[in-house]
Amino acid sequence: LPVDRARVLVCDPIPAVAIERMRAGGLGVDEKDGLSPEALETLIGGYDAVVVRSATRLGARQIAAARRLRVIVRAGVGTDNIDLAAAASRDIAVLNTPKASTGSVAELALGLFLALARRIPQADAAVKSGRWPKKAFSDGIELAGKTLGIIGVGRIGGTLGRCASALGMAVVGADKAAEPVGRFEGLELLSLEELLARADLVSLHTPPSEEGRAVIGWEEFARMKEGVLLVNCARGGLVDEEALLAALESGKVRGAALDVFAGEPPRDLRLARHPHVICTPHLGASTREAQARIGVEIAQILLEQL
Ligand code: MLT
């Protein structure tokens, strides 16, 4: 590479269109998926920009080793895998693509509620195994007429709420902001406690708290209605996994769908294997459309910044 060419290290898989655009714009791009924290620390010093999704953690050590780094791009929404204070102390810009995956995450959450209500993956597995358990699956529930509680009424929460409303559900929301960005007509804003007491279905759409404290723990499960359905397409740490297991065992939670886990992939599979749990491997933003939008935005950010 010519010496003056800015170099970009892409640590997690991103769409080919982004790589092509960056290269066409004159950037030197290296794709290195699955680097260990140590390998990343060794390599990062040679780059002007780094692109990550959710798998790669850019901690204080990696950022300290990034001698010429000017930009970190998070190909997605959450920046919780980046030590923002360490980046700020070195004047490294951290940029994300906050709008590109809104619809995709909301649609996954909706799909997971539909799957939970009728236990679609479990019924599918039963038929594939040669059984025909029509009676065992005859206690599905309709979503119309139920109350959906959305914790975090941002872009994603608001989009999910509007879809749920169109399906005939009542939608209540809880948010730290008095006027949340995802607010829509028909949404009733409540305190978290009130929401938990009212909701038949609960969906999480907040970033993790800075202290890493779960938003839904033992106390919150105790406040929920009997037989509630829970979806988490946000961050694993938002739900206390032991408390969720206990709530599933007691029947307080009738079904939970998890796209995210406290550790990914989860090493302890008790939750993932629970018969009333449906899991996906952090797929919220993994649609062709969202990834295409993210790809175009990343390339644009880097070509502007470098
Ligand atoms: C995000 O914050 O956008 C998600 O974690 C999606 C992802 O990177 O897969």
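Here is a short tour, stop by stop. This is a predicted model, where local features need pLDDT of at least 70 and side-chain atom pairs count only at pLDDT 80 or more, while totals for chains, interfaces and linings use all residues. Residues are numbered from 1 along each chain as its sequence is written.

**The ligand.** Show the ligand and pick out its surroundings: Arg53, Ser54, Gly76, Val77, Gly78, Ser101, His282, Gly284 and Ala285.

**Strands S6 and S7.** Now select residues 147–151, strand S6, which is joined to S7 by five bridges, the two running parallel. Strands here are DSSP runs of E, at least two residues long, and helices are runs of H or I, at least four. Look for isoleucine 150 opposite glycine 173 in S7. Strand S7 (residues 170–174) is largely enclosed by the rest of the structure, because four of its five residues are buried (20 or more other C-beta atoms within 10 Å of a residue's own, all placed from the backbone).

**Helix H11.** Last, go to residues 288–305: that's H11, with 18 residues, reaching 26 Å from first C-alpha to last. Its buried residues include Ala290, Ile294, Ile298 and Leu302. Among the elements covering them are strand S1 (7–10), helix H1 (16–24) and helix H5 (102–118), with contact meaning C-beta atoms, placed from the backbone, within 7 Å.

Methods:
Expected span 1.5 Å × (residues − 1). Buried ≥ 20, exposed ≤ 12 C-beta atoms within 10 Å, placed from the backbone. Contact = placed C-beta atoms within 7 Å. Near = placed C-beta within 6 Å. Pairing = 2+ DSSP bridges.
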